[in-house]
Amino acid sequence: MSAKNWASVDVNTIPKIVTPLPGPKSQEYHTRAAKYMKGYSSQVRLFPVVFESGKGYVLKDVDGNEYIDFSSGIYVTGLGHCHPKISEAVAQYANTLMNCHDFTTEIKMKLVEKLHEITGGKFGGFQLYDSGTTAVEAGLRCARAATGKFEFISFWRDFHGKTLGSVSLAVVGADSHMRAPGFFLAPRPNPYRDAFGRSEEEAWKNSDLYISVLEKKIENETSGNVAAIVAEPIQGWGGSVVPPDDFMPKLRDLCNRKGILLFADEVLTCMGRSGKMFAMDHWNVTPDIMTLGKGFGNGFPVTAMCVSADLAPAIEKISASSSYGGNPMACAAALASIEVIEEENLVERSAHLGELFLKRMAEMKQRHPIIGDTRGKGCLLAMEIVKDRETKEPFVEAGQMIYQKAFSKGLAWVPSGHILRLSPPLILDDDVALKGLDIIEEAVAETEKHFGY
Ligand SMILES: Cc1ncc(COP(=O)(O)O)c(C=O)c1O
């Protein structure tokens with residue numbers, strides 16, 4: 001399991017810090033760009049480094065500093081930066097055929113056949129897009145076209161993208177006032193912060209209360225025209241929140257009983273990220289609609305909307321053609337990425353890394369009172385920083401400080417207020433994973449000291 005691969009480096013050589021961070025060139029370039037670029041994420045605002053290159057799990061900035069990558073961009077480059085097979089596949093089409101609208105190409109034919117194979121033959125129709133949010137929009141349109149209904153139910157703290165339909169599925173910051181009518185939100189299981197105030201132990205036992213809230217919502221709030229229930233199998237932005245094992249099967253059952261489609265947004269969780277090829281495989285649940293993104297093209301903007309065989313005729317009604325969706329470079333990137341996952345056994349590797357991370361993070365939690373929770377599956381991981389283990393009050397200042405301290409020691413990762421998110425590439429070597437976790441623990445210890453714990 002710890003066999004070295006094309007991207008392996010000697011653990012003693014990384015991180016490599018040669019300037020105070022962010023370095024002088026980073027500061028200059030970012031200041032110049034930020035004069036015009038507005039709306040940066042907290043990942044950048046809290047640590048405005050300027051990257052120059054990446055290979056495998058090592059990122060290099062413009063000042064020559066090298067970082068261990070626990071971010072994969074933002075859950076994107078799961079197979080590492082610049083995997084030779086993927087880069088060559090994109091380059092081949094960058095040199096032969098860049099775009100031909102939605103005409104069939106040989107590479108598109110091969111990709112959709114492969115997609116049919118890896119989804120176990122369970123999906124009968126695919127459409128290709130260029131971002132997660134456009135694939136989600138297509139899923140919504142497909143649900144409406146297939147059912148003739150127009151309402152949607154989605155979940156607290158799920159995230160689905162930043163166009164109008166996907167924004168309407170979520171409550172995320174300032175965009176939330178843009179939610180369109182006909183979109184309803186329901187609580188979903190988060191055993192660490194159970195919506196019904198139960199203990200964590202009780203909350204893990206079953207999800208019946210959440211299913212019952214959904215039933216009541218359908219009966220009392222909607223007009224009875226719910227086209228689909230849309231869910232992230234495991235919450236990504238929300239902080240790697242894994243539901244109890246009964247939730248997805250019971251959600252499937254509820255949808256069947258009510259004649260509602262189940263739409264799994266796997267944009268973030270697909271392609272081995274959670275230790276299975278698709279996160280719904282953890283519970284053997286097949287959705288009617290599924291969206292894929294991020295790791296699907298390992299960095300090349302290519303996404304997919306997949307529908308069950310029954311719904312395939314319905315998506316004939318919604319046109320899939322777009323300027324970039326399914327262009328030859330995109331198809332080449334996606335096909336090569338799937339092949340790499342298979343050839344390098346990266347789904348198994350992700351599951352193995354998840355066990356290694358969770359064990360080490362649990363040990364960390366025992367030593368550090370501000371770590372309230374550690375959780376995740378595969379390479380989809382998070383820890384919550386709290387002021388007090390009893391009250392679980394979020395400790396945003398400490399979360400931000402831990403993020404910054406670890407970054408300045410050479411670990412690139414992802415903050416989200418008091419939640420620290422880890423999205424390492426699936427190709428990470430064990431010794432490098434442990435080194436990155438040592439850096440996080442140092443940052444936690446220093447932050448605790450700073451705040452007098
Ligand atoms: C579950 C999920 N769906 C959709 C999206 C939107 O994807 P994109 O940023 O490619 O539009 C994201 C992005 O983070 C996501 O996590």
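## Close-up views of a predicted model

View 1. The model is predicted.

**View 2. The seven-stranded sheet.** Seven strands make up an open sheet with mixed pairing. Their order is β4-β10-β9-β8-β7-β5-β6. The edges are β4 (123–129) and β6 (183–186), and each of these pairs on one side only. On average, neighbouring strands are turned by 20° against each other, direction ignored.

**View 3. A parallel pair within the sheet.** Strands β8 (residues 261–266) and β9 (residues 289–292) pair in the parallel sense. Four bridges link β8 and β9. Opposite F263 stands I289 of β9. Strands of a sheet pair through backbone hydrogen bonds, either parallel or antiparallel.

View 4. Strand β1 covers residues 51–55 and strand β2 covers residues 58–61. They pair in the antiparallel sense, over four bridges. S53 stands opposite K60 in β2. Two residues lie between the strands of this hairpin. In the turn, G56 has a positive phi of about 60°.

View 5. V58 has I68 of β3 as its bridge partner. How many residues lie between the strands of this hairpin? There are four, and G64 takes a positive phi near 90°.

**View 6. Helix α4 against helix α12.** Two packed helices are described by the angle between their axes and the distance between the axes. Helix α4 (residues 84–94) packs with helix α12 (residues 328–343) at an angle of about 160°. The axes of α4 and α12 are 8 Å apart. The two helices are therefore roughly antiparallel to each other. The crossing of α4 past α12 is right-handed. From α4, the contact uses K85, I86, A89, V90, Q92, Y93 and A94. From α12 come P328, M329, A332, A333, A336, S337 and V340. The residues of this contact comprise 11 nonpolar, two polar and one charged.

**View 7. Helix α14 against helix α15.** Helix α14 spans residues 396–408, and helix α15 spans residues 430–450. Their axes come within 8 Å and cross at roughly 135°.

**View 8. Helix α13 against helix α15.** Helix α15 also meets helix α13 (residues 346–367). The axes of α13 and α15 come within 11 Å and cross at roughly 25°. These helices are therefore roughly parallel to each other. The crossing of α13 and α15 is right-handed. Helix α13 brings L353, L356, F357, R360 and M364 to the contact. Helix α15 brings D430, A433, L434, L437, E441 and V444. By class, the contact of α13 with α15 has eight nonpolar and three charged residues, with no polar ones.

View 9. Most residues other than glycine have a negative phi, and most peptide bonds are trans. The bond from I14 to P15 is cis, with omega near -10°. P15 lies in the segment before α1 (24–34). L21 and P22 are also joined by a cis peptide bond, with omega about -15°. P22 is found in the segment before α1 too.

**View 10. R157 in its loop.** R157 has a phi near 65°, a positive value in a residue other than glycine. Where is R157 found? The residue sits in the loop between β5 (151–155) and α7 (164–168).

Definitions and conventions:
Residues numbered from 1 in each chain as written. Predicted model: local features only at pLDDT ≥ 70, side-chain atom pairs only at ≥ 80, totals over all residues. Axes fitted to C-alpha atoms, helices over the stretch in contact; angles between N-to-C directions. Parallel < 35°, antiparallel > 145°, perpendicular 65-115°, else oblique. Left-handed = near helix turned anticlockwise from the far one by under 90°. Contact = placed C-beta atoms within 7 Å. Nonpolar A, V, L, I, M, F, W, Y, C, P; charged D, E, K, R; others polar. Pairing = 2+ DSSP bridges.
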